[in-house]
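Q: I have a model open and want to learn how to read its features. Where should I begin?

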Amino acid sequence: MDESLWRAIVRCEPTFDGQFFYGVVTTRVFCRPSCRSRTPRPENVRIFTSVDDAIAAGFRPCKRCRPDEDPLGPDEALVECAKRVMDRLYSAPLKLGDIARELAVSPYHLHRVFRRVAGTPPAAYLLQTRVEAAKKALATECGRPITDIALAVGFRSSSHFSTTFRRIVGCSPSRYRALHVRSQAEQEVAR
Ligand SMILES: [Zn+2]
């Protein structure tokens with residue numbers, strides 16, 4: 001496989017959408033390069049230049065990236081890229097300028113397009129991503145201090161974390177953890 005094609009798959013580059021599709025032999029599913037599904041092993045990848053070729057070879061279109069439907073426009077592709085960067089780097093002290101630089105656009109342009117296409121500013125998406133990661137950690141790493149989790153998912157302080165968490169989730173991090181731990185214990189009793 002061509003090195004640039006493989007790199008496009010690994011980095012989920014929307015700029016390659018429409019240029020080629022890739023099928024995964026183990027799942028018999030084919031995707032656009034930008035698909036955010038799990039990166040396949042290179043030896044399992046087959047490259048196709050059209051949807052028809054992929055279907056003729058016995059592959060089904062992925063339900064996530066819908067390669068059989070119209071490709072994303074440039075603005076949608078930019079937003080997908082930005083989300084991708086935030087999904088990857090949310091634990092770092094990421095700023096709008098950092099994301100824009102990764103994508104080679106101006107922060108102003110990124111903010112405007114993101115807001116229009118996604119309905120929220122990039123910062124809101126980033127906070128949501130961090131809170132989701134925190135929820136997961138609170139639920140599964142019971143002994144880990146909450147401050148530790150707050151910093152690990154990219155918050156600057158535990159008080160900023162608590163305020164944001166409460167606003168988005170509707171309860172405090174410790175309450176969330178207590179509720180989750182209790183429901184897990186109940187499940188164990190029920191077993
Ligand atoms: Zn896909």
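A: Begin with what the model is: it is predicted, so local features need pLDDT of at least 70 and side-chain atom pairs count only at pLDDT 80 or more, while totals for chains, interfaces and linings use all residues. Residues are numbered from 1 along each chain as its sequence is written, and side-chain values use heavy atoms, with hydrogens and water left out.

Q: How many helices and strands does the protein have?
A: Helices (H or I, at least four residues) and strands (E, at least two) are DSSP runs, numbered from the N terminus. Here there are nine helices and four strands, in the order α-β-β-β-α-β-α-α-α-α-α-α-α from the N terminus.

Q: Which residues are the protein donors of the zinc ion?
A: Donors are N, O and S atoms within 2.8 Å of the metal (3.2 Å for Na, K and Ca); water is not among the atoms, so sites may look incomplete. The SG atoms of Cys 31, Cys 35, Cys 62 and Cys 65 lie 2.2 to 2.4 Å from the zinc ion. Cys 31 in strand S2 (residues 29–31) and Cys 62 in the loop between strand S4 (60–61) and helix H3 (74–89) are 31 residues apart, so this pair links distant parts of the chain.

Q: What is the geometry of the zinc site?
A: Ideal angles at a metal are 109.5 degrees for four tetrahedral donors. Four donors count as tetrahedral if all angles lie between 85 and 135 degrees. The angles among the four donor atoms of the zinc ion are 105 to 119°, and the site is tetrahedral.

Q: Which residues of the largest nonpolar core touch the most other members?
A: In soluble globular proteins, nonpolar side chains tend to be buried together. A nonpolar core is a set of buried Ala, Val, Leu, Ile, Met, Phe, Trp, Tyr and Cys residues joined through side-chain atoms within 4.5 Å. Of the 15 residues in the largest one, Ala 82, Met 86, Ile 99, Leu 103, Leu 110 and Phe 114 touch the most other members. H3, helix H4 (96–103), helix H5 (107–118) and H6 each supply at least two residues of this core, and H3 gives the largest share, six residues.

Q: Why does the length of helix H6 agree with its residue count?
A: The expected span is 1.5 Å times one less than the number of residues. The 19 residues of H6 (residues 122–140) should therefore span 27 Å, and the end C-alpha atoms are 27 Å apart.

How values were computed
Tetrahedral: all angles 85-135°; square planar, octahedral: opposite > 155°, others 65-115°. Buried < 20%, exposed > 50% of the residue type's maximum accessible area, 1.4 Å probe, protein only.
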